[in-house]
There are 2 protein chains.
Amino acid sequence: MTTPISHPFYFDCDTGIDDALALAYLLASLQADVRGIGTVSGNVSAAVGARNTLDLLQLAGHAHIPVALGAHDPQTGTFRGGAPHVHGANGIGEVSLEAAGAGLAQETAAEMLVRLAHEHPGTLRVLAIGPLTNIAEALRLEPELPRLVEEITIMGGAALAPGNITAVAEANIANDPEAATDVLAADWNITLVPLDVTMSNVLEESHRQELLAAGHPVPQALGEMLGYYFRFYEGIFGRACSAMHDPLAAALAVGGVKAAVAPVVQVDVDTTDGPGRGQTVCDLRGLYMDYPEQPGARCRVVLSLEGDFAPHLVATLLSFSESTTAAVAVGAAVA
Amino acid sequence: MTTPISHPFYFDCDTGIDDALALAYLLASLQADVRGIGTVSGNVSAAVGARNTLDLLQLAGHAHIPVALGAHDPQTGTFRGGAPHVHGANGIGEVSLEAAGAGLAQETAAEMLVRLAHEHPGTLRVLAIGPLTNIAEALRLEPELPRLVEEITIMGGAALAPGNITAVAEANIANDPEAATDVLAADWNITLVPLDVTMSNVLEESHRQELLAAGHPVPQALGEMLGYYFRFYEGIFGRACSAMHDPLAAALAVGGVKAAVAPVVQVDVDTTDGPGRGQTVCDLRGLYMDYPEQPGARCRVVLSLEGDFAPHLVATLLSFSESTTAAVAVGAAVA
């Protein structure tokens with residue numbers, strides 16, 4: 001019997017409903033060994049995101065995973081209050097979770113990432129699904145970080161798809177374009193998971209019902225949160241469903257799903273004050289010839305997937321119902 | 001017997017191989033009555049474009065149509081020499097045409113547009129297939145221009161498709177973003193024909209052979225020019241063929257082809273010095289719900305066509321072989 005290779009992960013998030021799904025996916029995946037989690041302001045403040053993360057970890061029976069508070073404000077400017085209309089005032093769709101017993105780690109998110117990179121040189125994977133403020137700070141703390149990290153997967157940007165916070169900008173990148181510039185300019189293996197692929201792989205009401213019926217508090221809580229999320233996305237898609245930004249990035253990072261079209265191209269971030277601020281300017285002019293190689297480019301931009309993601313996501317989240325690690329959490333309160 | 005309505009047209013161009021096709025299309029179309037042509041620096045200088053236009057008009061038996069010289073330089077900066085690698089040093093693929101007898105009009109392109117708008121109030125159509133320098137100048141000369149013009153069709157920009165001069169910018173708009181801003185901000189009916197639709201409707205070698213075999217100097221000269229153009233596009237598409245930017249805009253302007261998907265949306269032009277300079281920032285966030293109405297928006301952005309354009313284009317250009325107006329040109333030298 002072979003066991004899947006389990007990769008050590010640093011997970012950077014702004015929890016957030018789809019962040020909660022991504023976290024649960026990582027915890028359920030046999031290919032991910034989450035060694036530390038940092039939070040950043042985005043969907044909610046870094047502090048609220050950390051609280052949500054701690055509560056979810058306890059619910060999932062993973063309270064031992066350390067959570068570090070990251071940057072409250074972007075590199076320039078100040079945090080503007082997040083997206084309560086998308087994620088609810090508490091960030092998790094007004095679902096109440098039992099308050100975790102564990103407290104925050106005694107290090108910042110950036111310090112945690114640097115420490116883990118040194119503890120797992122060449123094998124640490126980074127999954128960043130919020131604004132890139134903490135990752136940019138870690139690059140300043142440890143310029144050798146790109147050499148120490150095996151790869152970084154980022155949920156963010158819009159390549160050929162429309163933006164979601166402006167006509168051309170996606171929220172994670174637009175919330176800190178200066179940090180994104182630093183992260184995308186660093187010399188490491190980057191996979192960018194933009195709206196092109198996260199808006200075209202959708203979770204439907206039938207999937208949500210499967211989670212609600214699971215008989216385990218983690219998928220059940222996620223199903224409840226998704227009720228809130230679906231109401232926002234009804235204004236985008238015209239029916240009760242949602243994009244799956246963060247869990248899709250998680251699945252690509254662990255290898256649970258594969259990219260179909262994912263050219264390695266030059267990506268610049270617009271840091272002007274013009275109408276393109278926050279846009280990921282991806283050089284996809286090779287579109288008409290199946291993307292010839294671009295010398296010097298190193299950012300893999302995922303434009304489409306092999307297969308259908310939603311069933312894989314739901315099946316992975318339902319595995320909580322069978323897991324022993326999560327058994328301690330059964331019966332935890334979901335108010 | 002009903003005659004098609006023939007619309008008076010002002011045509012602004014930077015001739016250019018695909019401009020030559022657009023001009024020939026307009027001359028062959030029963031729905032267009034070209035009352036004046038202005039040139040602007042783009043593919044070639046305004047002066048070279050005017051010379052090519054005069055020579056083409058003579059070849060087509062339309063030497064009576066006045067041609068006015070327009071702006072040599074964009075609103076800011078200076079003309080940078082055009083695109084000889086795409087269109088040839090002479091702008092028409094190194095094809096030599098007999099030099100026209102007619103000279104230039106005694107007015108600028110912008111003055112011609114303003115004059116024609118006053119002569120055909122409410123019915124003049126404008127087709128602009130080069131940088132928008134002359135049109136912006138005309139708006140400054142006559143602020144009432146948008147009220148006098150029935151509609152303006154512009155070949156330019158990239159909405160969801162990649163750019164062609166940078167990752168996100170198309171050449172016509174990027175050659176004078178400040179002028180484009182003024183033109184797109186004016187209160188008139190605008191149809192934008194971006195790379196999204198011009199790169200996905202392609203002319204093939206078989207179409208070129210039909211033109212070469214036509215037995216009339218106009219389609220024959222166009223077929224020869226397209227040999228040069230195809231060699232450039234072989235580096236884009238991987239085979240001998242070409243985009244049809246300008247003739248497609250002409251066909252949409254006269255109603256020879258119809259748009260399928262063409263939402264009316266807000267369009268801003270990036271005039272920063274960032275990586276998005278020259279981009280048409282089109283608000284296509286309504287994509288997922290079939291583009292709900294955007295209050296205040298008035299720019300129709302053509303994203304796809306009804307039917308196949310290339311056969312219509314070729315058939316229209318081949319009508320020269322039958323026309324009486326062009327008969328005088330038969331035998332004109334095409335070296």
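Which residues does A:Thr272 touch, not counting residues up to four places away in sequence? A:Thr272 touches A:Arg277, B:Thr272 and B:Gly274, where contact means C-beta atoms, placed from the backbone, within 7 Å. This is a predicted model, in which local features need pLDDT of at least 70, side-chain atom pairs count only at pLDDT 80 or more, and totals for chains, interfaces and linings use all residues. Residues are numbered from 1 along each chain as its sequence is written, while chains are lettered from A and ligands numbered from 1 in the order in which they are written.

**A:Thr272**

- A:Thr272 sits in the loop between strand E10 (267–269) and E11 of chain A; strands (E, at least two residues) and helices (H or I, at least four) are DSSP runs numbered from the N terminus.
- A:Thr272 counts as partly exposed because it has 18 C-beta neighbours inside 10 Å; 20 or more other C-beta atoms within 10 Å make a residue buried, 12 or fewer make it exposed, and partly exposed lies in between.
- The C-alpha atoms of A:Thr272 and A:Val48 are separated by 30 Å, and the two residues are 224 residues apart along the chain.

**Chain A with chain B**

- In chain A, 25 residues are in contact with 25 residues of chain B.
- Helix H11 (217–237) and strand E11 (280–282) of chain A are the elements that give two or more residues to the side of chain A that touches chain B.
- That side of chain A has 14 nonpolar, seven polar and four charged residues; Ala, Val, Leu, Ile, Met, Phe, Trp, Tyr, Cys and Pro count as nonpolar, Asp, Glu, Lys and Arg as charged, and the others, Gly among them, as polar.

**Nonpolar core**

- The largest nonpolar core has 222 residues, and A:Ala24, A:Leu26, B:Ala24 and B:Leu26 have the most contacts inside it; such a core is a set of buried Ala, Val, Leu, Ile, Met, Phe, Trp, Tyr and Cys residues joined through C-beta atoms within 7 Å.
- Leaving out residues up to four places away in sequence, A:Leu26 touches A:Phe9, A:Phe11, A:Ala32, A:Val34, A:Ala250 and A:Val254.

**Helix H5 of chain B**

- Helix H5 (residues 133–141) of chain B is mostly covered, with seven of its nine residues buried.
- Among the buried residues of H5(B) are B:Asn134, B:Glu137 and B:Leu139.
- The cover over the buried residues of H5(B) includes strand E1 (7–13), strand E2 (32–39), helix H4 (109–119) and helix H8 (177–185) of chain B.

Notes
Two residues are in contact if their C-beta atoms, placed from the backbone, lie within 7 Å.
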